[in-house]
Amino acid sequence: MIQANPSSVQMRLIVMLFLFNSLQLFPQSSQFDVSYYLPQNTTYNQSIPTPESVIGHPVGKWHVTHDKLVQYMKTLAKASNRITIENGGSTFEDRPLLLLTITSPENQDNLEVIRQDHIAATEGDRSNFSSRPIVVYQGFSIHGNEPSGSNAALLVAYYLAAAESNAVKQLLSDTVILFDPSMNPDGLQRFAYWANTNKSHNLNPDPNDREYNEVWPGGRTNHYWFDMNRDWLPVQLPESQARIASFHKWLPNILTDHHEMGTNSTFFFQPGIPSRTHPLTPKLNQELTKNIGNYHAKALDEIGSFYYTEENFDDFYYGKGSTFPDINGGIGILFEQGSSRGHIQESDNGILTFPFTIRNQFTAALSTLNAAQNMKSEILKYQHDFFKNARVEAKRQNGKAIVFGDTKDAAKAFHLAEILKRHNISFNELKSDVTLNGKQFKKGFSYVVTKNQKNTRLIDAMFEKRTTFQDSLFYDVSAWTFPLAFGLDYEEVQSSSFIGAQVEHLQAKNGTVSAKSNYAYLMEWHEYYAPKALYKILQKGLRAKVGMKPFHINGKDYDYGTILIPVQNQNLSPDELHGFLQSIAQTSHIDIDATNTGLTEGIDLGSSQFRALTLPKVALIVGDGIRSYDAGEIWHLFDQRFDMEITKLDTKSLGRVDLSRYNTIILPSGSAGNSKDKLKSWVQNGGTLIGYRSAINWLKNNEFIKPKFKTSKLEAKDISFENRSKFRGAQVIGGAIFEAYLDRSHPIGFGYTKNKIALFRNNTMFMEADKQSYNNPIQYTKTPLLSGYISKQNLDSLALTVPFKSNRLGRGNVLVFTDNTNFRAFWYGTNKLMMNAIFFREEM
């Protein structure tokens, strides 16, 4: 029986049912026609292939796979004299990193001259703002499971190649478009496979459907599960390296970064929250961003799409795509589209279809170009003035320079210099060793960055320490001071007497073996790649030991953690061993010393204070319940940096695995599920379990360890309902840098030369120190904040707590870290803490 006056709830259900049935009967057919996306105020060149003619389906019917995207872009470039294409490199999975240059045929014929003129305008005091093109970089789907961007890229590229109106021809004459159709090929391919293989013929918008719930780790990240939209500044990943090379080659005026967000959202474009803009970003940058936003608003109004701006997102961390241009004379713009996460899904705003999300991204891409064309002179002048003002600032530095290095570790300084080089920041070598403010800097192990150069503002952004902020909420980290991240000494000075030649060809240190020995070899543990060398030595079946105390031999001091490789009783002859160690020294960039005596000042080489080492057989727990970012950072560290084998064990199959194959298991932030009994038995039988961050809670709850945590009550006083989220958000440690004491005599501290260490932290786990001081080899200082934001309440709680604990369990060990020692692949300075926990596990 039907009621005469159904309630609003019932009416809503009836409407939803009607829409659902309609979508099943008519599965988006009208949205698949290109006329749904493309402007109809122009004709289209019939000789230019449409996306459908190449990829085999209408845009939006299926999620385009990366191989089809590549196929179309190459086909388009062959067919159009408006497009050239280049391959900037390969992903970890060997997918090409394509970049299209789209502009008028006349500009294509003169492209290198245009580029040189564009760069010259950033380096001289005069420039023409009216006659030269504006440069726009358009990047799509850096998060692979935010695919509307890359799918829209098919249409944008087609439109720019095929549209025949005079308006489009003038647009192409006025702009040079650097077009990156897939910023994350591996992630896009992974997500497209998931969405397509779970798609039904009768499209189902039920959010509970498998299509909208990816399996771990999802398609957001790259091969090693990195969020690549945090790597614009560190530049550690191949995708980023190709992108940054293109960026600095052209210095685009505008860079757009097309993303997706929650399904119940609409569409966001920058600017973000004004109070959360980095102080080094000029105010005019945000004003221009807002003016550009007016073009987005008008375009979205015309197609009836809702949107918002100046909320939620910020412009603080320069390692994001939409913020990185802001410190490089450009304007970065973030687009966030509510995601269908598949082909169609229910949302608070009605049924959300994949084609609808594509159309919004397409519209924003064109409105960007419209804004660039109409604001060309204004934006070109902004970039010119940015660098002109930066030159003035640089001259005022009066010869200031930053020296950084480590007297015992050339590799860390080399890798920081490598980042500088990728960002077109020049640097010099030292003429000779120098001591500055009590810090020693060694030639060949240190570099000098003079601040009187073009990218002086970028230098400030990379090296600054900041502890005061206008706002207390951050979308991402609040600190990234690079020398602290690398664990390097650094000092800002004005003297230039010790500055040597500019480094033109950066080269890693040449590793050597001092001589052939018939007795033993010694390898210091200070160098970054010493773990890589030791792993190869043990993997070869060679005997090696670690020195638990310092000693002096052959006129040289050897520190805690020195590795001893005896010559006798090895499976290689003395000549073979010498040759093998030579190859290890070269590939690991380390020095190995020969000795023909075991008599030392300190512990002799035959002392029991040299402990035998065994080959680490390491497993990494991954899968449901584990934070994929943390797991990926560890996998990458082993696989790419140290060439160490690591077995990834999925939480779903952990109960069926023979754990006796491994002597070390790493549990990243998260939970090992129902495997507590098996893991506990394995530890009790001699295994070492290393837990990170929130994994400590799982280990505590399952009685692997018994840490105590500081707790504090958070009481809101005079906080309105409207501001409750800001109050809570102010207690979040989004990412800051803190100082801790380090006991270098403890195996966890081997290889470090200082008794203090800089740690990255982005959680509020405050682990109390042990009553026995020797059980606290790492302990935060009384005033630990070095750089970044932390509330006073949390800072007080953090003081004198410990980020590391070691606990015996049966014949094995449980080692836990509250902090991430491998953050985003650029926190070189604390990578060795994990390596120490692994190689010296039996000595903890």
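Analyst: A619 stands opposite I665 in strand 28. That pairing belongs to strand 26, which runs parallel to strand 28 (residues 664-667) and is joined to it by 3 bridges. Bear in mind that this is a predicted model.

Strand 26 also pairs with strand 27 (residues 646-650), again in the parallel sense, through 5 bridges. There, V622 has D650 as its bridge partner. To follow the chain from strand 26 to strand 27, go by way of helix 18 (residues 628-641): the three make a right-handed β-α-β unit.

How much of strand 26 (residues 618-622) is buried? The count is 5 of its 5 residues. Both faces are covered, with V618, L620 and V622 buried on one side and A619 and I621 buried on the other.

Now look at F638. Leaving out neighbours within four places in sequence, F638 is in contact with V618, and its other contacts include I646, I666 and M834. F638 and I666 are also among the residues that touch the most other members of the largest nonpolar core, which has 229 residues; M73, F179, F404 and I563 are the others named there. Helix 6 (residues 148-162) gives the most to this core, with 11 residues. Apart from it lies another core of 10 residues, including V403, L430, L436 and V493.

Strand 10 (residues 401-405) is joined to strand 15 by 5 bridges, and the two run antiparallel. In that pairing, G405 sits opposite D489.

You'll find K451 in the loop between strand 14 and helix 14 (456-463). Is K451 buried or exposed? K451 counts as buried because its relative accessible area is 6%, and the cut-off is under 20%. The K451 side chain makes a polar contact with the side chain of D460, at 2.8 Å. Not counting residues up to four places away in sequence, K451 touches A401 and I402, and also A394, Q397, K400, T456, D460 and E492.

Some backbone geometry is worth a look too. Most residues other than glycine have a negative phi, and most peptide bonds are trans. N398, in the loop between helix 12 (376-395) and strand 10, has a positive phi, near 55 degrees. N398 is exposed, at 56% relative accessibility. L251 has a positive phi as well, near 50 degrees, and lies in the loop between helix 9 and strand 5 (254-261). L251 is buried, at 4% relative accessibility.

As for cis peptide bonds, one runs from W216 to P217, with omega near 5 degrees. P217 is in the loop between helix 8 (185-197) and helix 9 (238-250). Another joins Q270 and P271, with omega about 20 degrees, and P271 is in the loop between strand 6 (267-269) and helix 10 (283-303).

Definitions and conventions
Residues are numbered from 1 along each chain as its sequence is written. This is a predicted model: local features need pLDDT of at least 70, side-chain atom pairs count only at pLDDT 80 or more; totals for chains, interfaces and linings use all residues. Side-chain values use heavy atoms; hydrogens and water are left out. Two strands pair if DSSP finds at least two bridges between them. Helices (H or I, at least four residues) and strands (E, at least two) are DSSP runs, numbered from the N terminus. Buried means under 20% relative accessible area, exposed over 50%, partly exposed in between (1.4 Å probe, protein chains only). A crossover is right-handed if, with the strands pointing away from the viewer, the path from the first strand over the helix to the second runs clockwise. A nonpolar core is a set of buried Ala, Val, Leu, Ile, Met, Phe, Trp, Tyr and Cys residues joined through side-chain atoms within 4.5 Å. Contact means heavy atoms within 4.5 Å. A polar contact is a pair of N or O atoms within 3.5 Å; within protein, one must be able to donate a hydrogen and the other to accept it, and residues adjacent in sequence count only if both atoms are side-chain atoms.
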